[in-house]
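This report describes one protein chain for a reader who has not seen it before. Please look at the sequence and the structure first, then read on.

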Amino acid sequence: MEQTFKITTPEGLHARPITLLVSAVTPFAAEVQLTFKDRSVNMKSIMGVMSQGVPQGGVITVAAQGTDAEQLIQAVTEVMESKGIGERC
C-alpha cells in the first residue's frame, strides 16, 4: 500500500514535521519506506528521513507493508494534512 504526497511547508521536510511523521508511524508493526528522487529510507528513522533533504514542492511516496499498513498510511495522511506538511497527489 502506498500514497504520494507533495510537500507544502515552506521549509520542506525539516526536523519538526519529520518528528511528527516518525512519531505517527513508529507504533505500527508494518514496515514503511519514504521515497524521494528514487532513494528510499526507513520512515521510522528521523535521521534517515532528514537525509533525504526534501524541499517545498518535493514529491514523496510513502509505502507500507504489513498487517496494519492501511492504518499506517491513513495516519500519515492525517498528519500530513492536519499539520499542513503536505497534500495527497
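## A salt bridge

Arg-88 counts as partly exposed, with a relative accessibility of 48%. The model described here is a predicted one. Arg-88 forms a salt bridge with Glu-81, and the closest N and O atoms of the pair are 3.0 Å apart. Glu-81 is partly exposed as well, since its relative accessible area is 39%, which lies between the 20% limit for buried and the 50% limit for exposed. The count of salt bridges comes to 1.

## The chain as a whole

The chain holds 3 helices and 5 strands. Read from the N terminus, these elements follow the order β-α-β-β-α-β-α-β. The radius of gyration is 11 Å, close to the 12 Å that the globule rule gives for 89 residues, so the chain is as compact as a globular protein of that length. Along the principal axes, the C-alpha atoms fill a box of roughly 35 × 25 × 20 Å.

Of the 89 residues, 44% are buried. The accessible surface of the chain is about 4,900 Å², and carbon and sulfur atoms account for 49% of this area. Contacts can also be sorted by distance along the sequence. Among those between residues at least 6 apart, 67% join residues at least 24 apart.

Strand β2 covers residues 31–36. One face of β2 is covered and consists of Val-32, Leu-34 and Phe-36.

Which strands does β2 pair with? One partner is β4 (residues 59–65), which runs antiparallel to β2 and is joined to it by 5 bridges. Within this pairing, Glu-31 has Gln-65 of β4 as its bridge partner. Another partner is β3 (residues 39–42), also antiparallel to β2, with 4 bridges between the two strands. β2 and β3 form a hairpin with 2 residues between them, and Lys-37 in the turn has a positive phi of about 50°.

Ile-46, Met-47 and Met-50 make a nonpolar surface patch of about 290 Å². Ile-46 lies in helix α2, which spans residues 46–50. The relative accessible area of Ile-46 is 35%, so this residue is partly exposed. That value also meets the patch condition of over 30% relative accessible area.

Is Thr-9 buried or exposed? Thr-9 is buried, because its relative accessible area of 10% is under the 20% limit. Thr-9 sits in the loop between β1 (2–7) and α1 (15–25). Leaving aside residues up to four places away in sequence, Thr-9 touches Gln-56, Gly-84 and Ile-85.

Thr-19 belongs to helix α1. With a relative accessible area of 35%, Thr-19 is partly exposed. Thr-19 and Ala-63 are 44 residues apart along the chain, and their C-alpha atoms are separated by 18 Å.

Technical notes: Residues are numbered from 1 along each chain as its sequence is written. This is a predicted model: local features need pLDDT of at least 70, side-chain atom pairs count only at pLDDT 80 or more; totals for chains, interfaces and linings use all residues. Side-chain values use heavy atoms; hydrogens and water are left out. Patches are made of residues with over 30% relative accessible area and no salt bridge: like charges are joined within 9 Å, nonpolar side chains (Val, Leu, Ile, Met, Phe, Trp, Tyr) within 5 Å. Accessible areas come from the Shrake-Rupley method with a 1.4 Å probe; for residues, only the protein chains shown count as cover. A salt bridge is a side-chain nitrogen of Lys or Arg within 4 Å of a carboxyl oxygen of Asp or Glu. Buried means under 20% relative accessible area, exposed over 50%, partly exposed in between (1.4 Å probe, protein chains only). Two strands pair if DSSP finds at least two bridges between them. The radius of gyration is taken over C-alpha atoms; the globule rule is 2.2 Å times the number of residues to the power 0.38. Contact means heavy atoms within 4.5 Å.
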